[in-house]
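This report describes the architecture, the packing and selected residues of one protein chain. The sequence and the structure are shown first.

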Amino acid sequence: MPTDAAAPTPSNPRRASGSVLSGAGVLVAGRYVVAALATISTFIILRQLTQDQFGEYSVIFALLGIVGLIADLRLSRIVLSEVIEADEAGAARVVGSYTGLRLVIGVVSYAVGMLCVGIGAATGDFSTDVVIGTALGGLTLIVLSVAFGLILLFEARLWLRDIAISNVLGQVAGFALVLTVSFAGIGSLLWYVGANVVNGIVVLAWLVLILRKGAGIRI
């Protein structure tokens with residue numbers, strides 16, 4: 001990875017991201033692919049689960065969505081401006097600190113989610129499957145918190161295609177798991193919740209893979 005995204009070296013032409021519009025176009029196209037696969041997955045899950053099970057599935061992600069507001073710090077614009085203005089070493093230091101902060105907040109969000117679902121289980125409002133499903137699905141709060149921290153560097157350097165690829169690969173992985181367990185006849189609430197976790201892990205893995213040579217980021 002070159003030290004300057006605007007001046008890619010011949011040995012690493014992949015960093016030449018082309019125009020902003022072309023990168024944005026790929027990002028938008030990727031989001032349409034992600035939305036299409038997510039919609040199809042939802043229809044498959046809806047047909048595979050019973051009404052009560054799908055209700056529990058919805059409760060899990062509604063709860064995680066509410067708790068996820070804690071992890072959404074709305075600080076990205078401020079940090080992004082610092083990353084854009086910094087040199088490579090400074091940008092890596094800022095992104096590393098921001099990612100570390102998001103990781104901590106992600107862990108706290110996960111703990112809050114488990115506390116909420118634990119209270120609900122104690123009062124008889126939530127079943128055991130909801131508790132286990134939240135414990136499993138809540139891992140996305142941690143995984144994606146780290147991923148979104150790293151994505152800040154990609155946005156600052158306009159590596160939009162890599163962001164699109166990570167999103168599509170993650171959704172494809174989750175979609176593949178949904179299809180596999182459904183056709184195998186073993187589809188269940190936990191399998192389908194796990195598909196979302198797989199999605200997040202693949203997104204993070206791709207970002208780490210792209211950055212492995214070099215941005216020098218330390219959380």
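## Overall architecture

Helices here are DSSP runs of H or I with at least four residues, and they are numbered from the N terminus. On this basis the chain reads α-α-α-α-α-α-α-α along its sequence, with eight helices and zero strands in total.

The model is a predicted one. Its mean pLDDT is 85, and 86% of the residues reach 70 or more. Residues 1-18 have pLDDT below 50, although this stretch makes 27 contacts in the model beyond near neighbours in sequence.

The chain has 219 residues, of which 40% are buried. Its accessible surface amounts to about 11,300 Å², and carbon and sulfur atoms account for 67% of that area.

Among contacts with a sequence separation of 6 or more, 80% link residues 24 or more positions apart.

In soluble globular proteins, nonpolar side chains tend to be buried together. The largest nonpolar core of this chain contains 26 residues, and those with the most contacts inside it are Val83, Leu150, Leu153, Phe154, Leu207, Leu211 and Ile217. At least two residues of this core come from each of α3, α4 (88-122), α6 (139-156), α7 (160-183) and α8. Helix α6 gives the most, with nine residues.

Leu207 illustrates the packing in this core. Setting aside residues up to four places away in sequence, Leu207 touches Ala147, Leu150, Ile151, Phe154 and Ser166. A second, separate core has 20 residues, including Ile44, Ile45, Val117 and Tyr192.

## Asn199 in helix α8

Asn199 lies in helix α8, which spans residues 189-211. Its relative accessible area is 15%; because this value is under the 20% cut-off, Asn199 counts as buried. Apart from neighbours within four places in sequence, Asn199 is in contact with Gly170 and Gln171.

## Ile78 and a nonpolar surface patch

Ile78 is located in helix α3, residues 76-85. Its relative accessibility is 51%, and the cut-off for exposure is over 50%, so Ile78 is classed as exposed. Together with Leu75 and Leu101, Ile78 makes a nonpolar surface patch of about 240 Å².

Methods:
Residues are numbered from 1 along each chain as its sequence is written. Side-chain values use heavy atoms; hydrogens and water are left out. Buried means under 20% relative accessible area, exposed over 50%, partly exposed in between (1.4 Å probe, protein chains only). Contact means heavy atoms within 4.5 Å. Patches are made of residues with over 30% relative accessible area and no salt bridge: like charges are joined within 9 Å, nonpolar side chains (Val, Leu, Ile, Met, Phe, Trp, Tyr) within 5 Å. Accessible areas come from the Shrake-Rupley method with a 1.4 Å probe; for residues, only the protein chains shown count as cover. A salt bridge is a side-chain nitrogen of Lys or Arg within 4 Å of a carboxyl oxygen of Asp or Glu. A nonpolar core is a set of buried Ala, Val, Leu, Ile, Met, Phe, Trp, Tyr and Cys residues joined through side-chain atoms within 4.5 Å. pLDDT is the predictor's confidence in each residue, from 0 to 100.
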